[in-house]
Amino acid sequence: MTHLLTTSDREITLTVVADTRVDVRDYPFPSITVCPVANVEKSMALATLRLYHEAARRSRFPTDNNDTAEAEADQEELDRNHVRLLRALQEFRFPLYSSRWDDAKVVEGLAFLGTQDPRNVLLTAFPPCQRFFLGCSWKSNFSDCCDLFELQETNAGFCYSFNSCTSMSSKAARCRPRMGEPDDSQALYFSTVKAAPGEVLSPDPHSKGIVVVVANPYEFPVPSDGHYFPEDNNLTMRISASVTVQQADESLRGWPWTARECKFRDEGPLDIAVQYSQVSCVESCRLGLLAERCHCLPFHYGVSPASPLAELPFCNASGLQCVYEHKGILRNLYSTGQFRIPIVGEKQLGQGERASCECPPECDLLLYNSDYSTLGEAGPGPKDQSAVFFVRQRNLGAENILYLKSSRVSFLGFLANLGNLASLFLGVSFLSVLEFVWVSVSCLRTLSMKWLSF
């Protein structure tokens, strides 16, 4: 009996190829997330940190009005410490978190940061859209880039995204992503700077440029899955996207997700996304663990307004220290049962504490694959000033595949199999059992009536 139930749970669904020439116009255009590696404008960040430092100093020493040349001489050393703090904050992201967190100068900077929100510092100093993008068009119509691209939170910091339902402005509303466009039109064009005007800080002084992520518009973009373009690459790139679709039969909703091995997109919502996806589920699980342990949200995460976590503040200095202390378990997440998800850094952690997430794949799956090809030089101008991208979708090609996921066996079929098993091992069927119960009840009723008649 146990073997039958176990086997049925594993094999109640059947996935078959339905078509290999999918019309991309029936499905959303992918989300395009663009992340500058050097993502902190030094002058803006230092100005904000100086204000925080001065406010902290005056609160500690209210009678100290030392505005002499000696204080001005200390400003240069103070700014160097602020830069250390900024680099530590830039590195404070999954999966490594900051290797500079134990630096004495960083600890001192955190002390002056106090209860202030580092999110405000990094958002203020993030390269603004008007200066980061040089030009954009959608469906061959030139548009303001700041109307097409929105600020996007990721587990690696702030980015800009196009057509994402998890961006800062889209997650609060009912999102309807733009639909696909065939490859006979260059659906999306954008040009960005790779070295912003002025000095921009990078977590790694030797690593600058941008990261481009092509993903499902309903899921949380992960920059580590993207493609890195260094700042000295002055090429015009074409991104060709294909889509793999899995449609699930509605009859699967009658089974628990543990049996059908998937969840529908409306079986949410998650803390960071309105619709369910496996990637967003893992990130939401990680965020919930942080909230449980540290009672705050990391500065590069945001949650949907309807989420219970929306009432939590963003982590200040003490909250970030708590996150740092729990970084091991944050790296070592895994999904229960057969839905195990590989975790970056797990080998280095050994067999430490682990956190469990229930994050199966989506039943209605949208998977976007992308290829990058070179179209030539980006044109005149300094090599570190621009990066040009054309994004298109292949239409009705062999790369676009449609799968259908349906029940291998109906619920009535499952009962029939169970009855057959009972007949085989017990020598009776369900009908025999029902007949025995009916005859027994009838006999007892007749005997009781005769007994009462005496």
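Student: What should I know about the model before starting?
Tutor: Residues are numbered from 1 along each chain as its sequence is written, and side-chain values use heavy atoms, leaving out hydrogens and water. As the model is predicted, local features need pLDDT of at least 70 and side-chain atom pairs count only at pLDDT 80 or more, while totals for chains, interfaces and linings use all residues.

Student: What is the strand order in the open sheet of five strands?
Tutor: The order is β6-β7-β2-β10-β11, with antiparallel pairing. Strands are DSSP runs (E, at least two residues), numbered from the N terminus, and two of them pair if DSSP finds at least two bridges between them.

Student: Which strands stand at the edges?
Tutor: They are β6 (149-154) and β11 (227-230); each has a single partner strand, so one side of each is left without a neighbour in the sheet.

Student: How many bridges join β10 and β11?
Tutor: Four bridges, in the antiparallel sense. I210 stands opposite F229 in β11.

Student: Changing topic, how many aromatic pairs are there?
Tutor: The whole structure holds 18. Rings of Phe, Tyr and Trp (its six-membered ring) pair if their centres lie within 6.5 Å; planes under 30 degrees apart count as stacked, over 60 as edge-to-face and the rest as tilted. The centres of F126 and F158 are 6.2 Å apart with planes at 70°, so this pair is edge-to-face.

Student: Are F126 and F158 buried or exposed?
Tutor: Both F126 and F158 are buried, where buried means under 20% relative accessible area, exposed over 50%, and partly exposed in between (1.4 Å probe, protein chains only).
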